[in-house]
Amino acid sequence: MKTMNKLKFKLIAFIACYLALQPAVAQNQHGWRGPNRDGTYPDTELLKEWAAEGPELLWETLDAGKGWSSPVIVEDRLYLTGMNEDETKEIFSAYTLKGEKIYSIEYGNAWNKSYPDTRTTPTVVNKKAYVISGQGEVVCIDLKKGDIDWTVDGKAQFEVKTGSWGTSEAPLVFDNKVIFCPGGDQTTMVALNAKDGALIWKSQSLGELSSYVSPLLIEHNGIRQIIGIGGESIFGVQPETGEIQWAFSNWGEDFAFKNGDKISCNTPLFKDGKIFFCNGYNLNSYMLQLADDGKSVSKLWKNSDLDTHHGGYVLVDGTIYGSNWLNNSKGNWVAIDWNTGETQYETPWEGKGKGSIIAADNMLYCYDEKRGYVGLVPASPEKFDVISEFRITQGEGPFWAHPVINNGILYIRHGNALMAYSIRQ
């Protein structure tokens, strides 16, 4: 009996130590650009080359509704947002992992100006999905019932102020908080109670429009922060109180947009106290160093080759990969060094343009927004070498949705179409 008790004690101690060593910032959420919002997926043993016609198509559906959001897979269900048939409302749909629709519900009002297609990728936590409509409505959906639990009208309650393309945010959810960035004169960021939508806190206003960026939760020296982007600034927020700890907007004289509509679309990357951030239109790339106390940042370097439009970027083994903006329809593929900002390569993808990017198992998955090609590229700073590629022919509109990998399956969305491909060895 004593031996058994000792074994139990050792097991409990081991579990306690293991949990203590896990990053406190880890979140039990599924959603935007993978488990850490950085575009890197944990799948392994994936194909290193595809057949000429592409990997095996497992299924496809054409009833997703128009949208640029990405699917979210949790257990045996897939969740996706889109537009209804008359394109006035946004819908939330649940599917089986064979592509069979279980239910759809309307949850909010679609953006009614330029490029109205649905943007928000659902964030799923504890059997609930959280979405934000193009008009700034924050919504909680009960996944089992397929019903709306609560809605907060951000425009009415927080005086949301957006640029020309509405709200394009996937909510950040942790510690029973739903984070939303309304922008405007009243506040910059708010935290809502995940159970009922009640206001927990709202930050001061930076006096900027909201951007098109989904915020990021980080931890540095035991201090947690939410990294957000406004129309002109990147900033850090204390997650318990909503106090803005710092804001950075020293982009340089070459950063200018027509009509003052600052177009920031990409969630930053964070590692070892460093924050990487870039967007298109000659904003360039910046690496910021967060101070030990989390209350200020300093600029480490700037790179003028990588200025990703809205396709994201990934960090693999010390190299940042993404595409740059030459104009709204054209761009090259770029690799830069995380530590120094030195450009490793800048290469066109022949016959294609810029696009979105994710990574898994030391491979890059590039989705050309011009003609809908999907490319498989080794994550190497030596060169941009497309090993395999195939073209998406279903769906309509720009190829702007970010790909997703889950359990050896590559999901590609194009407008109302969603395809699932087997990429496991």
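Me: Buried means under 20% relative accessible area, exposed over 50%, and partly exposed in between (1.4 Å probe, protein chains only). Why is Glu389 called partly exposed?

Reply: Glu389 has a relative accessible area of 29%. That value falls between 20% and 50%, so Glu389 is partly exposed. This is a predicted model: local features need pLDDT of at least 70, side-chain atom pairs count only at pLDDT 80 or more, and totals for chains, interfaces and linings use all residues. Residues are numbered from 1 along each chain as its sequence is written, and side-chain values use heavy atoms, with hydrogens and water left out.

Me: What makes Lys352 and Glu389 a salt bridge?

Reply: The term needs a side-chain nitrogen of Lys or Arg within 4 Å of a carboxyl oxygen of Asp or Glu. For Lys352 and Glu389, N to O is 2.8 Å, so the pair qualifies. Lys352 sits in the loop between strand E26 (343–347) and strand E27 (355–360), while Glu389 belongs to strand E30 (residues 388–391). The two are 37 residues apart. Strands are DSSP runs of at least two residues, numbered from the N terminus.

Me: Is Lys352 buried or exposed, and how do you know?

Reply: Its relative accessibility is 15%. The limit is under 20%, so Lys352 counts as buried.

Me: Why does the pair Asp43 and Arg424 count as a salt bridge?

Reply: Its N to O distance is 4.0 Å, and the rule says within 4 Å, so the pair is included. Asp43 lies in the loop between strand E1 (40–41) and strand E2 (56–61). Arg424 lies in the segment after strand E33 (417–422), 381 residues apart from Asp43.

Me: What makes Glu75 and Lys127 a link between separate parts of the chain?

Reply: Their side chains meet in a salt bridge at 3.1 Å, N to O. Glu75 is in the loop between strand E3 (72–74) and strand E4 (77–83), and Lys127 is in the loop between strand E7 (123–125) and strand E8 (128–132), so the bridge ties together parts 52 residues apart in sequence. Both residues are exposed.

Me: How many salt bridges does the rule give, and which residues form a network?

Reply: The count is 15. Asp175, Lys177, Arg224 and Glu240 are linked in a network of salt bridges.

Me: How do you know where pLDDT stays under 50?

Reply: pLDDT is the predictor's confidence in each residue, from 0 to 100. It stays under 50 over residues 1–26 and over residues 256–260. The chain averages 92.

Methods: Helices (H or I, at least four residues) and strands (E, at least two) are DSSP runs, numbered from the N terminus. Contact means heavy atoms within 4.5 Å.
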